Amino acid sequence: MPDIEFKSPIAHGPVSAPDGSVSLEDETSTTKVVVRAATGTAAAADLGVPYGQSRLRADGTLVCGTRPGEWTLFAAAGRATEVAASVDTDGFVNVVDVTHGRAMMRVSGPKATAMLAKVCDIDLTDDMAPDGAVFSGSVAKVTCDLLRSDWRGEVSYLISCERSFGNYLFATLADASTEFGAELPTGLDIH
Amino acid sequence: MIVVNCPHCGPRNSSDLRPCGEVTSRPDPATASLSEWRTYLYMRENPSGWVTEAWYCRSGCRRYFTIERNTATNETRRSEAS
Amino acid sequence: MTHNRLPVRPGEVIDRETSLAFTWNGRPHTGLRGDTIASALAADGVEVFARSMKYKRRRGIMTADHWDPNLSVQVGDEPNVRAGSRRLVAGMEVSAQNVWPSLKFDIGAANQLVGRFLSPGFYYKTFMRPKWLWHHLYQTILRRFAPGGRIHWETSTHGAYDKRYAHPDVLVAGGGPAGMGAAIAAAEAGASVMLVEHEPELGGHLRWGDAEDLTALADLLAAVQSHPGIEVLVDSTVTGRYDHNWIAVMQRSHEVAPERLIKARAGSLVVAPGLIERPYVFAGNDTPGVMLSGAVRRLINLWAVKPGSRAVVLSANPEGDAAIADLEAAGVEIVAALDARVGEDIVEVEGRGRVRRAVLGDGRTVAADLVVLGTGWTAPTSLLNMAGDRPVYDPTAARYFPNQLPDNVLATGGITGNGSTVELVAHGSATGTLAANRALRNRHERRSSTARARSPEGPMPESLQDTRVPLARTPHPECYRSSSHGMVDFSEDVSSKDLFQASGEGFDSIELMKRYTTATMGPSQGKLETVNAAAVLAEARSMDMVDIGTTVWRPPFAPISLGALAGRIFEPIRRSALQDWHEAHGASPLLAGQWVRPDHYGDPVGEARNVRENVGIIDVTPLGKLDLRGPDVAKLLELVYVNRWQKLEIGRVRYGTMVAEDGVVSDDGVTGRLGEDHYLMTTTSSGAGAVWEMLEDYLQTYRPEWNVHVTAVTGGLTSINVAGPRCRDLLLRLVEDVDLSPEAFPYFHVRRGRVAGVSGCIIWRIGFTGELSYELHVPSGHALHVWESLIANGEDLGIRPFGVESQRILRLEKGHYIVGQDTDGLTKAPSAGLGGLVKLDKHDTLGLPELRASYARTDLPVLVAIQTDDPEIVPMEADQIVDGDSNRILGRITSSRMSPTLGRSVCLGQVDPSLAAAGSKVTILLVNGHRVSGTVQEHHAHVDPEGVRQNA
């Protein structure tokens, strides 16, 4: 159904500081597929990365070890069927498309870590959360999956949460960005 | 706010986890007497000192695990996945 | 106005070129940039800054720093500003607090005449009887005693507060020489350092010291500022240390917010708070013009303010001696320089509003306007106490010292002993190195054990031994009280005489005495008074100080605004993919848990009626949805539900109820089998998270051998219930790949197909409202399209959206109970009207023994449908059902609405078994006190009890 628009829960466009210190944008249309695979299965071996790490596959899919025995695969929008089909389902393996179920946003810039430190208590220093690190925690009271995925030479994070929290999380991150000069679009104010 | 060592994630703030209390042994529900069942439901050692307790890593790996914690000092040790 | 400004002082922090205009109690004043509010006023000749809490005694500058108990002022709309440390800003409107009618003439000063009725604990002895005067008189009077400024509810211009998290390897509390030395050494060792100082600049006592001190200060500042690994926070306070070095830092002077709470998890905490100078207890010791040695040195050296003209100085230590030199340099005449070390003393100060005369220990009376005391130092051990230490009193040095600290907390500087600047910095350095070592070992451990972290490069750093040379415990006379009685707690107006009295009344332990007299419980929180209080108590009881102990120091170390503790409020709101549409179409919002949902669209009764007559659609996305996959799902369902699940066929749906291990009804929902190993479970919207956690608990810890994967899909699938006699007609227009005929798609079946062109939709036939209905679960990214298609295609069928309120009415007409509404936290299964759903002969169900026991009982309440005899009366939910004669409670109404279908009220309720039979009469006690009668119905359903309509 290429005609039917995929609507994101995030009702706002990108938010950024004019000097580029921090930017926030919606990435909800990203393909997101969760694979649960027991140890010893071909899928677990293929996916390879242990819990906490990620790798970029040759086909452009980002494979993330999001939980023990669980991987989340990220790819460009519209590739869910293809990505799901790439998983060997021999053994106790399950593949669930969560593209619709998770909102996702990207936070980038030299001040991205400082901004997240206002809403998240996880230690984000370079050696505790290096580029490629995969982890989950509470961001402004919403449980999120986070991935440090440096982008265009800048520190950057991909943050995903249960879809229904998407607009709230975006608004909260935008609010946290105002300390670094980000300008809020009208209608986006958590107070 | 104490630090709890999740065996999968590493050390985390306790707000990321849900404490599940002392580890208990569930009697066979088909044969347990009501008294045995209610001991399982309600009776706890509650020591001042080391206790074996379960935690759920709610905001992290979503695994249940057990640790030993000293209820007087909040020292913890030896995490094992349950 | 007398002008007390001195010529340029070497270390002054004022900018003589920049003048700042401000007001004090409405009168105009000017100060200089770099002045504090207090120093600017002192420069302008102001002597009285406040009136004391109880007796309204005039008070002036005593310590000229953050801890000065006499300098709490109101600045604009901000109360309780510490004028001794708050930097002056142009345009400030400063006023005295807690005075009436004015600072100059406070009627409360009359309290001094009735002082003996206001002795310690007076509020336990007075204002007791008659009781009826409490509201009108006693409260009003006692409010006058409450210190503190005013909050301007409407006009406050404070912005929002803020908070952030930090993870420094080493957090140094205190930016004096030892603290700076520690920070530099820790940073050199490779640790990340946060250095926190509560004054507006680093430097501690070096700032008002001699030329050598100022040079040392400049060197240390340069080293700190040039090191990239040190984050410096000035005008900020470490207010609390909690388990595992969870540390609260109150950051002020931040451009984002007036106060910002930083929650830090530090590898090591270095406590370098220095020492706080202690007042001396003697008659008149709270008279304006009585100052501590540090106060005059600060006034003279930092702000170039002459504190007086003729001074009496009582010194017991080198700092007191240094004050004499500074006073002389400022042109103050020293009329008497008394040495406490050889027994000289001051006995009394006379003067109202300012020192006029001093009576010395040798009997002389001298005229003076300034009395300077350098009689002792108190160790601010709060943070150490919070780390579990019980500091020990050393009578030779006349103060408390740290005793035993955990590995991750280290003390350095003046709090550990005395030394020259070089020695203090050296001790700080050694401490910083040690702190960094422990923190880096901790970091190594964390990197090894944290899944996402980069593994450490080398081996664990060796543990360094603590080879620090302790600072000397220089002997100091125990100089607490003169031969006269004087003020001990300046904030609470508690004198040494009060403490003697309290001890005499039996409140003779330090904890009891504190609570009875309120000494140490004021804004100072013991910093200036705890040790004197302990000394006085020791005197009163003829005991040694060391045996008296101290009270327990609890966070916060310094006051924090409640707004800063609250910070940014994070209150997640969940919205379905359709909520924007609902709001655009007049939906009244309902907050249900974290969700915002449409309650109705302006006409809940009409919307409900339309479902029975035509077709309505409702967004039920908050319904908990769990995707279950694996060969053992049926076993899991059999365990968690009270009924049987092993034989549910593909394409079938079943209703299930869950009880907890204690037999209490915990959740319910329908679960459908989508494929061989694939099920979709629904739960109540409020129970979704708890059910998910419970399933994971039993799968991981009880039956780890079962192969089941649980994925939460509540938000990923937007759920739309399409209900009403015409709903099939509507769906026929939009659903593809599914045969919707009743023969092919019976009640309680599930199919998958496309709706409005959207594939991946799950459709099942269930019936909460009692009408023919289908529930669609649509991938949320395309859900709005489906909803809008339904609306567009159903226009000629009479489609209207309906909300939660209409659904409540409809389901109540059908007698469908709601877990948590018609049951509560104690309701056992027999009281939920489950009939034959519960299978007691299974091998394993959650709560099985309790289920069996509960079904053997005859006394449990019964869920029944009730109709009031008067059809117009709609009882409130939770109205009690009582025995008409005795008033004994026999039950309650759990759900109640006016039924549009029947034109009369309908209820569900929990009642005593004696009233459960159909036809029983019940008495309902309404909130307005009236009793009305009702009748128990035969079925739970008030409308269509045979269920004909939904099975169509």
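Of the 191 residues of chain A in this predicted model, 55% count as buried. Chain A is built from four helices and eleven strands. A compact globule of 191 residues would have a radius of gyration near 16 Å, and the 17 Å found for chain A agrees with that expectation. Taken along the principal axes, the C-alpha atoms of chain A fill a box of roughly 50 × 45 × 30 Å. The contacts of chain A also reach across the sequence: among those between residues at least 6 apart, 61% join residues at least 24 apart.

Chain A also meets chain C, in a contact that takes 41 residues from chain A and 40 residues from chain C. On the side of chain C that touches chain A, two or more residues come from each of strand 8 (162-166), helix 9 (421-449), strand 33 (624-629), strand 37 (709-712), strand 41 (758-764) and helix 20 (783-793). Strand 8 of chain C provides the largest share of this side, with four residues. Sorted by class, the side of chain C that touches chain A holds 14 nonpolar, 15 polar and eleven charged residues.

We can now turn to chain C itself. Its assigned domains are domain 1 (162-275 + 381-449), domain 2 (480-570), domain 3 (576-621 + 715-816), domain 4 (624-714) and domain 5 (858-952). Between domain 4 and domain 5 of chain C, the C-alpha centres lie 33 Å apart.

C:Trp24 has C:Val94 of strand 7 as its bridge partner.

Strand 12 (residues 236-242) of chain C is largely enclosed by the rest of the structure, because six of its seven residues are buried. Strand 12 pairs with strand 13 (residues 246-252) of chain C in the antiparallel sense, over six bridges. C:Tyr242 stands opposite C:Trp246 of strand 13. Three residues lie between the two strands of this hairpin, and C:His244 takes a positive phi near 55 degrees.

Further along chain C, helix 17 (residues 633-640) has six buried residues out of eight, so this helix too is largely enclosed by the rest of the structure. The buried residues are C:Val633, C:Leu636, C:Leu637, C:Glu638, C:Leu639 and C:Val640. They pack against strand 33, strand 34 (653-659), strand 35 (665-675), strand 36 (678-683) and helix 18 (688-702) of chain C.

C:Val750 counts as buried because 23 C-beta neighbours lie inside 10 Å. Leaving aside neighbours within four places in sequence, C:Val750 is in contact with C:Gly651, C:Val653, C:Gly672, C:Leu674, C:Ile762, C:Ile763 and C:Trp764. By C-alpha atoms, C:Val750 is separated by 78 Å from C:Asp547, which lies 203 residues away along the chain.

Key
Residues are numbered from 1 along each chain as its sequence is written. Chains are lettered from A and ligands numbered from 1 in the order in which they are written. This is a predicted model: local features need pLDDT of at least 70, side-chain atom pairs count only at pLDDT 80 or more; totals for chains, interfaces and linings use all residues. Two residues are in contact if their C-beta atoms, placed from the backbone, lie within 7 Å. Ala, Val, Leu, Ile, Met, Phe, Trp, Tyr, Cys and Pro count as nonpolar, Asp, Glu, Lys and Arg as charged, and the others, Gly among them, as polar. A residue is buried if 20 or more other C-beta atoms lie within 10 Å of its own, exposed if 12 or fewer, and partly exposed in between; C-beta atoms are placed from the backbone. Domain bounds come from an automatic or database domain assignment. Two strands pair if DSSP finds at least two bridges between them. The radius of gyration is taken over C-alpha atoms; the globule rule is 2.2 Å times the number of residues to the power 0.38.
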